[in-house]
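Subject: Structure handover

Hi there,

Here is the structure I promised to pass on to you.

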Amino acid sequence: MAPAGSDRNEAFPRDETANEHEENAGLKRGLTARHIRFMALGSAIGTGLFMGSSESIQAAGPAVLLAYIIGGAAVFMVMRALGELVVRHPVSGSFGQYASRYIHPFAGFLVGWTFVFEMVLVAVFDATAIGVYMGFWFPDVPRWIWVLAVVFFIAAINMLGVKVFGELEFWFALIKIAAIIILIVAGVAIIIVGFGIADHDQMGPQALFHNGGFFPNGFWGLLSSFTIVMFAFGGVEIIGVTAGEAKNPKQVIPAAINSVPVRILLFYVLTLGVIMCILPWNQITSEISPFVAIFDSVGFTAAAAILQVVLITAALSAMNADIFGAGRMLHGLAEQGQAPRSFARTSRNGVPVMTVITMIIALLAGVVLNYLYPDQALFLLGALATFATVLVWLIILVAHIRMKKVIAEEARLPSEFPVPLWPVGSWVTLAFIVFIVVMIGVVPDSRPALWVGLLWVAALWLCYIAFVRGQGRKPFDLIDRTEPIESGKN
């Protein structure tokens, strides 16, 4: 017999309507599997690939492909851990509420606000990149003006109902995914056919071993690149935040988790592999997107100009998904009693208006940052976002491990979407994420981000002690919605 508890497993949970209201108050289930898959792709395939990949290539050379493979495998394990949590507890606060229940209320407070912090940083990073892209056509216009315009555009989209938002995000993401596929196909055609391009005989897989070999900066170059590579995958955990607004989350969330990380990995590895087969890795600099550089190098200047439009669309897509995710997390924090109650209120369209407004105000701070520090903004934001990203993943993994312990102790029903390679896979992934945190501190360029990140954690602890009271100091009451696997239900 399982011990009694407020979130004890029940094969037939109590009144569904009441539970739905308690867990996801005011939100509407308008997101389909198609929306969720493309939303995760929209968040994770953005500036990190189109712009940030230049930094990772400079750090590791062609060996960066190994970094993306290893990093992608770790992200898949994190997402499977999150998926097992989500299927058991499909709530809007997602890993913020899981951490509160299975680790400690402060862990929920920490991961929830850190995720919001991460999404703001990544959104500002993307907005900054849009300013860089617009400089392709308007070099004399200050970057901060473009960032300001983008912020107001994203604000308008996020005030729409979730179904309309999901549809817009689908088309945003589709454009950039189509562009990536076209680039891969065009790149392979250039490598095979040549089209009369100079130095065509130097192109191909053999180019990965020129200019210093596959490991031009040694094994250290590979290790140091992880601090940039992992940022590129940041945002994929937004899948968990969609649980409160997903139609039939027990079906759509596992489908999205199983497909999205693999697709992201393939897009990154194939795309960067093709680029470095055409353009020597040491000619790829952070001053220009490698996607633009590859077309410039072969003389397709018109294609480079068109690609700028795709880059802007990609950044808009990522920003859109980031603001959505942060707003829904704030909604969940309010439900936990760890954010102002006004963040839990929604409009008739099911939009948590106050959370969106708060996020837009935070983005406006990014406009100021771009005005004051236009040259340093991009790198520092990326490093800080990497720290926030890996901290969120770390807490997801710990919450999952603690949940597995509770399942065993309380003899709950087996998980409907269990993590693979348990428990070895989970512990190895946890060790890898800890390694990434250490590397952020070891690599000189990213070390300031670790110190700022640790100050962020300390500041949140002080805020928790000073401002969180009552319900916010208690583990969140989760309802276990697991059903017997033999029942045939998904």
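Below is what I found, going from the whole chain to single residues.

First, the ground rules: this is a predicted model, in which local features need pLDDT of at least 70 and side-chain atom pairs count only at pLDDT 80 or more, while totals for chains, interfaces and linings use all residues. Residues are numbered from 1 along each chain as its sequence is written, and side-chain values use heavy atoms, with hydrogens and water left out.

**The whole chain**

Of its 490 residues, 59% are buried. Here buried means under 20% relative accessible area, exposed means over 50%, and partly exposed is in between, with a 1.4 Å probe and protein chains only. The accessible surface is about 18,700 Å², and carbon and sulfur atoms hold 69% of that; areas come from the Shrake-Rupley method with a 1.4 Å probe, and for residues only the protein chains shown count as cover. Among contacts (heavy atoms within 4.5 Å) with a separation of 6 or more, 83% join residues 24 or more positions apart.

**Confidence**

The mean pLDDT (the predictor's confidence in each residue, from 0 to 100) is 78 for the protein chain, and 78% of the residues reach 70 or more. Please take care with residues 1-30, where pLDDT stays under 50, although the model has 84 contacts beyond four places in sequence for them.

**The core**

The largest nonpolar core holds 144 residues, and Phe95, Tyr98, Met230, Phe233, Met276 and Trp393 have the most contacts inside it. Helix α7 gives the most to this core, with 20 residues. Such a core is a set of buried Ala, Val, Leu, Ile, Met, Phe, Trp, Tyr and Cys residues joined through side-chain atoms within 4.5 Å. Beyond four places in sequence, the contacts of Phe95 include Leu82, Phe115, Glu237, Met329 and Ile396.

**A patch on the surface**

Phe136, Trp137, Phe138, Val141, Ile145 and Val309 make a nonpolar surface patch of about 500 Å². Trp137 sits in the loop between α7 (105-134) and α8 (143-158), and it counts as partly exposed because its relative accessibility is 36%.

Most residues other than glycine have a negative phi, and most peptide bonds are trans. Asn211 has a positive phi of about 55 degrees and is not a glycine. This residue is in the loop between α9 (162-193) and α10 (218-233), and its 39% relative accessibility is why it counts as partly exposed.

The loop between α16 and α17 is worth a visit too. Leu421 is in that loop, with a positive phi near 60 degrees, and it is exposed because its relative accessible area is 65%. The peptide bond from Trp422 to Pro423 is cis, with omega near 0 degrees, and Pro423 also belongs to the loop between α16 (377-409) and α17 (424-442).

Which residues does Ser426 contact, leaving aside its neighbours within four places in sequence? They are Met77, His400, Ile401, Val419 and Leu421. Ser426 is in helix α17 and is buried, as its relative accessible area is 2%.

Best wishes

Terms used: Patch = residues over 30% accessible without salt bridge, like charges linked within 9 Å, V, L, I, M, F, W, Y side chains within 5 Å. Salt bridge = Lys/Arg side-chain N within 4 Å of Asp/Glu carboxyl O. Helix = DSSP H or I, 4+ residues; strand = E, 2+ residues; numbered from the N terminus.
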